[in-house]
Amino acid sequence: MKHVVISLTVAALAALPAASTVHAQTTVGPQAYPLGFGIAAGATIPMGDLGDVQSTGWNLMGLVDYTTPHTPLGFRADVAYNSLSGKTFTLPGQPAIKTDNQNVWQITGDAVWHFRPADTTATSHPVTPYIIGGVGLYHFGGVTTTDVATGAQSSSGSSTKFGLNIGGGVDFQLSGFSTFAEARFHNVFATGGSLKYFPISFGVRFGGP
């Protein structure tokens with residue numbers, strides 16, 4: 001009987017490290033919380049034709065994503081608001097024109113590829129670069145333009161358009177949450193061309209690997 005008790009005790013002690021590992025995997029980390037939530041803010045830079053009539057503004061974004069340690073591939077949905085500052089400009093042979101702020105709402109769905117091995121914990125990779133890309137709907141608010149010389153005004157109506165985006169960022173894992181820096185290029189399809197802008201955002205994210 002004494003030998004049986006000793007054997008069981010040794011077996012139980014030998015199983016403790018494995019049990020601790022299983023407990024950590026099931027209660028802490030990305031296996032338990034594949035969903036992440038976050039907010040971000042930063043600057044939005046208009047480009048191309050949009051940059052001719054608007055100046056750099058700001059953005060605010062909320063996101064939800066799904067990521068597991070079993071694969072580098074994840075998915076994200078986000079909603080963002082961009083406010084581009086008005087600008088005074090002159091076209092060849094035309095009087096100076098001043099525009100009001102341009103507001104842009106965007107809803108995008110994206111795939112995210114994380115540059116980290118599969119089946120790892122977040123704490124083993126505190127810095128994770130990633131690329132992101134997908135599709136979205138973009139709502140441009142109406143803009144009032146003013147003839148600087150005469151004061152005459154005209155307004156354009158709002159519109160909703162389809163577009164694509166691609167970019168990248170770096171995620172910094174901290175205790176219980178992560179921070180990230182991200183830049184993305186948005187190309188919105190419009191009649192006779194496209195509207196392009198480039199948000200640079202810094203945010204905080206909770207949950208997920």
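**Aromatic pairs and a buried arginine**

Phe162 is partly exposed, with a relative accessible area of 42%; partly exposed lies between buried (under 20%) and exposed (over 50%), using a 1.4 Å probe and protein chains only. This is a predicted model, in which local features need pLDDT of at least 70, side-chain atom pairs count only at pLDDT 80 or more, and totals for chains, interfaces and linings use all residues. Residues are numbered from 1 along each chain as its sequence is written, and side-chain values use heavy atoms, without hydrogens and water.

**Aromatic rings**

- Five aromatic pairs turn up in a search of the whole structure; rings of Phe, Tyr and Trp (its six-membered ring) pair if their centres lie within 6.5 Å, and planes under 30 degrees apart count as stacked, over 60 as edge-to-face and the rest as tilted.
- Phe162 and Phe189 are stacked, because their ring centres are 6.0 Å apart and their planes stand at 15 degrees.
- Phe189 is also partly exposed, at 40% relative accessibility.
- Phe177 and Phe206 form a tilted pair, because their centres are 5.9 Å apart and their planes are at 40 degrees.
- Phe177 has a relative accessible area of 30% and Phe206 one of 46%, so each is partly exposed.
- One aromatic cluster consists of Trp58, Tyr81 and Trp105.

**Arginines**

- Arg116 is buried but has no salt bridge, and Asp171, the nearest side chain of opposite charge, is 7.9 Å away; a salt bridge needs a side-chain nitrogen of Lys or Arg within 4 Å of a carboxyl oxygen of Asp or Glu, and Lys and Arg count as positive, Asp and Glu as negative, with His and the chain ends not counted.
- A polar atom of the Arg116 side chain lies 3.2 Å from the backbone oxygen of Thr68.

Technical notes. A polar contact is a pair of N or O atoms within 3.5 Å; within protein, one must be able to donate a hydrogen and the other to accept it, and residues adjacent in sequence count only if both atoms are side-chain atoms.
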